[in-house]
Amino acid sequence: MMKRTWAYIVGVLALLPSGVYAQPASGDKGSKAALSALEAAGKPAEGAPAGEAGQTAINDQAIALGVDPLSLITVTPGGPPVRIPIAVPDSMKIGDNIDEAGLGRTLAEVIRNDLTMSGLFEVLPVETYALVDASKEGVTQSTIQFDSWYNVGASVLVKAHYKVTHDKADFEFAVFNIDSAAPVPIAMGKRHVNPGNVRAVAHEFVNKLIGFFTGTDGVFGTRILFAARGKNNFRTIRSFETDGFGGTTYDLPEAINAMPEWGPKGGVLFTQLMTKGDNIMLYADKELKQLTDFEGWASGADYCPRSGKIAFTGAREQNGNIYIMDADGSNLVQLTDMPDSIQTSPSWAPDCKRLAFVSSTSGKPQIYIINADGTGMRRLTWVGNYNTTPDWSPKGDLIAFTARDERNVFDIFTINVNTGEVMRLTQDQGHNREPSWSPDGRYLVFESTRDGKQPRLYLMNQDGRWQTRISATPGLKTPVWHP
Amino acid sequence: MKKILISLGLVLSVSFAMGCASQEPATDLLKDAAAAMANTGNAKECAAETYALAQNALKEAQAAQEAGDLETARQKARLAQTLAKQAKEEAEMNAEECERRKNASAAVEEILNDELSGGPVFVRDDSFKVIYFDFDESFLSSSAVQDLQSNVAVLKAKPEMNVILAAHTDDRGTTEYNLALSQRRGDAVKAHAVSLGVDASRMSVVPYGKEMPASHGTREQDYALNRRVEFVPR
């Protein structure tokens, strides 16, 4: 049989997390030329971060050309990245091969769905290899029909077997490189668990598989927190896993509960909008605690696990400003003090030493950066006139945010903290808002109205080339991925 | 030894399934999707939108199969199956609220429907006018100032009454910035009322951002109705 090399694909994927696709965004030829001219006009000195003067020149030039600078930034064409063709036949039960509880099928379905959502694999439809008699195969190399799998177009084959003894299930996995007819060493031994944990085992396996191909384990099965429609026309806080299953509704009092955030010790922070004022609450160990007591309002907590500090927006008889406090609400410190503009939406850098936030001190909301001690404030975004909801990536290099363009359409962008380079990740698919990074920095979860008036939750990779819906449930807002 | 057992067993049981699958794969998927649809519990009532999406995908799958487009039929059937499962999960999450709605009379049902996409409804006091704002702005237009003067007159006539200034934005924008913008609108109303002689302690601003729209549409006239500050006696 002819050997294909997929080493190059693996090579490309291995680079993916560091942004091999992160080319500067450019649109059609017309706007590309305009963009080049603008870049030349406003180019900052080499090595220096994009400064105010340079960026102002870009804005001025753009306005002189009669275009909104934001409209020049368009999604990079080029389609989805190269994906590895992979076959995942239904899992087999060792012994009698009767899948009476549907365990094997669930196992394979979760694996297939995760691999598809990852954007790294092209999962071959099960019917396309109906002629390969997978029942003859075990989890050892000598039993695998490499020629048959090659002929159906698979580069990688996943075999999952299980056995039920008493009330426990034993899961066993094997992965094969079809082109080199060799096993792929995945660091995933047998798992002896309750059958009810089948989804968790499937997620763990996929994460290990992604780890082998990219150098960084995957994040499937981690949780995403969000605001949802609640009872009696209130709003409530819920979470589910990366594939929309395993949903939890937190037992909170009826109110407009909004802007959730993962808090200390597995707790959930959120903002409660009440007639007596808006304040930040912590729900942990089935107990509810009010952390702030602002006469005006307090909202949008962001917790930094490494320092244990919570940043939030607070207002006392004036516009919002950024505050920091300990995880129990003590040691309150006011970080910004600008009474004439709105300061809001703080987002910690992963090292907890800096924050990104929104300020309208220039007249319109823009993203700023400030040190945790209140020094070194600088403006980061210079294009567009409505840049909000910054979320600092776990690697520290990028900040994702929501911007409004000249058509009053909302889309998601990233900006490089050091170079100021802006990339557009969504375009022409409803409104896209409120991005939140995955813990590995490979994906963003966000809300989008592309499938209806009410927002639903979607996932995309860090350059936006791969986008997929997480859940069809409408009315889900402000998602936050567990760090 | 173990390996031989596996092989023998699998050959017998799976070759049968494979025989069907290779002939009519799209049909099998459609059957699975239809079965998933039948097994969604009360998703039709309790996860209506997602259920409708699933139903639609199944219809498209059936249409594609009849038209001989088996690839589309398979894709849509798989989608229908996933959506049906999501609808089931969603319905289970919503079960309690759904039960309440099902038990409500038809007249109440209409109100509940309206509520579900909105927010808690304040008891409006018709003696006060709603103060409206321009897009993305918190300054008081001349018509807003007139309406505010009317509200100030009411407050002066009822010196024992205190009010909440419930401040809102339209649905455009992001959640927290809208919260801040609505606060600004509330503050602008309060400051002007104070300048007209109302004691500041009688009014407290509560910002709601875009969480409690007065109108649920997405037309400009709907947005205009939502950019507002309401006087609510407390």
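**A helix pair in chain B**

Mentor: In this predicted model, helix 4 of chain B passes helix 5 of chain B in a left-handed crossing. Helix 4 covers residues 48–66 and helix 5 covers residues 70–93; their axes lie 8 Å apart, at an angle of about 160°. Because an angle over 145 degrees counts as roughly antiparallel, helix 4 of chain B is roughly antiparallel to helix 5 of chain B.

Now take the residues that meet. On helix 4 of chain B they include B:Thr50, B:Tyr51, B:Leu53, B:Ala54, B:Ala57 and B:Leu58. Helix 5 of chain B contributes, among others, B:Leu70, B:Ala73, B:Lys76, B:Ala77, B:Leu83 and B:Glu90. Sorted by type, the residues of this contact come to 15 nonpolar, 4 polar and 3 charged. In soluble globular proteins, nonpolar side chains tend to be buried together.

The pair belongs to a chain with 10 helices and 4 strands. Read from the N terminus, the elements of chain B run α-α-α-α-α-α-α-β-α-β-α-β-α-β. Of its 234 residues, 39% count as buried. Among contacts in chain B between residues at least 6 apart in sequence, 73% join residues at least 24 apart.

The axes of helix 4 (residues 103–118) and helix 6 (residues 198–214) of chain A come within 9 Å and cross at roughly 40°. That angle makes helix 4 of chain A oblique to helix 6 of chain A, and their crossing is right-handed. Among the residues in contact are A:Leu103, A:Leu107, A:Val110 and A:Ile111 of helix 4, with A:Val198, A:Ala202, A:Phe205 and A:Ile210 of helix 6. By type, the contact of these two helices of chain A divides into 10 nonpolar, 3 polar and 2 charged residues.

Chain A as a whole has 6 helices and 31 strands. Buried residues make up 49% of its 483 residues. For contacts in chain A with a separation of 6 or more, 45% are between residues 24 or more positions apart.

Next come the nonpolar cores. The largest has 100 residues, and those with the most contacts inside it are A:Leu355, A:Ile399, A:Val445 and B:Leu165. Helix 9 of chain B (residues 175–195) gives the most to this core, with 7 residues. A second, separate core has 43 residues, including A:Ile86, A:Val88, A:Val158 and A:Val175.

A:Ser345 has a phi near 55°, a positive value in a residue other than glycine. It lies in strand 19 of chain A, residues 343–348. A:Ser345 counts as buried because it has 34 C-beta neighbours inside 10 Å. A:Asn408 is not a glycine either, yet its phi is positive, at about 65°. A:Asn408 sits in the loop between strand 24 (398–404) and strand 25 (410–416) of chain A. With 12 C-beta neighbours inside 10 Å, A:Asn408 counts as exposed.

Conventions
Residues numbered from 1 in each chain as written. Chains lettered and ligands numbered in written order. Predicted model: local features only at pLDDT ≥ 70, side-chain atom pairs only at ≥ 80, totals over all residues. Axes fitted to C-alpha atoms, helices over the stretch in contact; angles between N-to-C directions. Helix = DSSP H or I, 4+ residues; strand = E, 2+ residues; numbered from the N terminus. Parallel < 35°, antiparallel > 145°, perpendicular 65-115°, else oblique. Left-handed = near helix turned anticlockwise from the far one by under 90°. Contact = placed C-beta atoms within 7 Å. Nonpolar A, V, L, I, M, F, W, Y, C, P; charged D, E, K, R; others polar. Core = buried A, V, L, I, M, F, W, Y, C linked by C-beta atoms within 7 Å. Buried ≥ 20, exposed ≤ 12 C-beta atoms within 10 Å, placed from the backbone.
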